[in-house]
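Here are some exercises to work through with the model open beside you. Try each task before reading its solution.

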Amino acid sequence: MQPKPNSLLKFIPLIGGIIVIGSSLFALNFYSKNENNINSSSAVIKNNPLPLSLEKFCQEYQTIGKNLQVWNQETLSQNKILVKTQTYPNLPFSLEAVTFPQISQKAKTAKVPIAMYHDILPKKEVFFDVTPEELESQFQLIKSQGLTPISLDQLVIHLRTGSPLPKKPILLSFDDGYAGHYEYVFPLLKKYKYPAVFSVYTKNMGINTGRSHITWEQLKTMAADSLVTIAAHSKTHPPDLTKLSDEELIPEIIESKQILEKELGESIRYFTYPTGKNDARIRKLVQESGYVAALAMDDNNEIFAGESENLLAIARFGQSRLNELVNKTSAGEFNSCSL
Ligand SMILES: [Zn+2]
């Protein structure tokens, strides 16, 4: 007797179930075989990054704080920042961030100085010039005192999320795009493996204004190195942006970013106020122009990065205070997470 067609139909869910279970077991087996192969499994997680609280992040990833990098620049100003670590370079982790441009309370326990340099040249002309020999002895001091230079990305991730930092963190910054930055600073950064940020205004590229300025070719070479971050520093370096009209600010804040992006072929995420001067109107325009943070300076109020009002006015110290700063630098309460 032939089975009735409808009696076959009732086996379909059972057959379907066997196929589902079988393929699940196969997939599980495949995944576990590949769990040590991050490249294979990263594709699974890539579009669905793990959201981690900072505490969980610290518990699970005790050793990665100092290697934290931006996974995706677009997330830097959002409420969840995607990061990667040296341990799992192909896996994004999602850290909870405070509302942009505020600074996380957790980051306020750290003491991260940003040292500000200008020209580096063999013969000093003004008091804040630094010779290559002096710069190297400062790098030696940083090394001997156990400080860890970090990148601006690393600092901004930390300021927004309170994420761990390496022991005694410091950020090195060089302003105004001088030829000495390529000739003397860049080789030293590579020698010591120190990251740094260079703030460049575009008007004087490659010319001599009594001081030699860096060329586009030299800047491109530097920008291509993972140790180097390039920040916009206006187009013409006006002494006080707050004195300019909205219209006059457009080339300084918006076009300077576009010019650097076009020449260097990378996104420019940071702005540095010429002579540090800024106010609420300038900061708003900087934010609206797509920058995720801005560096300031104020001779009368040199404070640690975490003490800054917000990400659009991050404070710096003149480099002449380095001797005093090396003893005060600290990664704050999450130091143990990064050791
Ligand atoms: Zn400047």
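**Exercise 1: the strands beside strand 7**

Task: Find out in which sense strand 5 (residues 114-117) and strand 7 pair, and over how many bridges.

Solution. Step one: strand 5 and strand 7 run parallel and are joined by four bridges. Strands here are DSSP runs of E with at least two residues, helices are runs of H or I with at least four, and both are numbered from the N terminus; two strands pair if DSSP finds at least two bridges between them. Before going on, note that this is a predicted model, in which local features need pLDDT of at least 70 and side-chain atom pairs count only at pLDDT 80 or more, while totals for chains, interfaces and linings use all residues. Residues are numbered from 1 along each chain as its sequence is written.

Step two: look for the partners. Ile 114 has Leu 171 of strand 7 as its bridge partner, and Met 116 stands opposite Ser 173. Ser 173 also stands opposite Val 197 in strand 8, a strand (residues 196-200) that pairs with strand 7 in the parallel sense over three bridges.

Step three: follow the chain from strand 7 to strand 8. The path goes through helix 7 (residues 179-192), and this β-α-β crossover is right-handed (with the strands pointing away from the viewer, the path from the first strand over the helix to the second runs clockwise). Strand 6, helix 6 (residues 152-161) and strand 7 make another right-handed β-α-β unit. Strand 6 (residues 148-149) runs parallel to strand 7, with two bridges between them, and Pro 149 has Ile 170 as its bridge partner.

Step four: turn to strand 12 (residues 317-318), which pairs with strand 5 in the parallel sense over two bridges. There, Gly 318 stands opposite Met 116.

**Exercise 2: covered faces**

Task: How many of the residues of strand 7 (residues 169-175) are buried?

Solution. Step one: apply the cut-offs. A residue is buried if 20 or more other C-beta atoms lie within 10 Å of its own, exposed if 12 or fewer, and partly exposed in between, with C-beta atoms placed from the backbone. By this count, seven of the seven residues of strand 7 are buried.

Step two: separate the two faces. Pro 169, Leu 171, Ser 173 and Asp 175 lie on one side, with Ile 170, Leu 172 and Phe 174 on the other.

Step three: do likewise for strand 5. Ile 114 and Met 116 are buried on one side, and Ala 115 and Tyr 117 are buried on the other.
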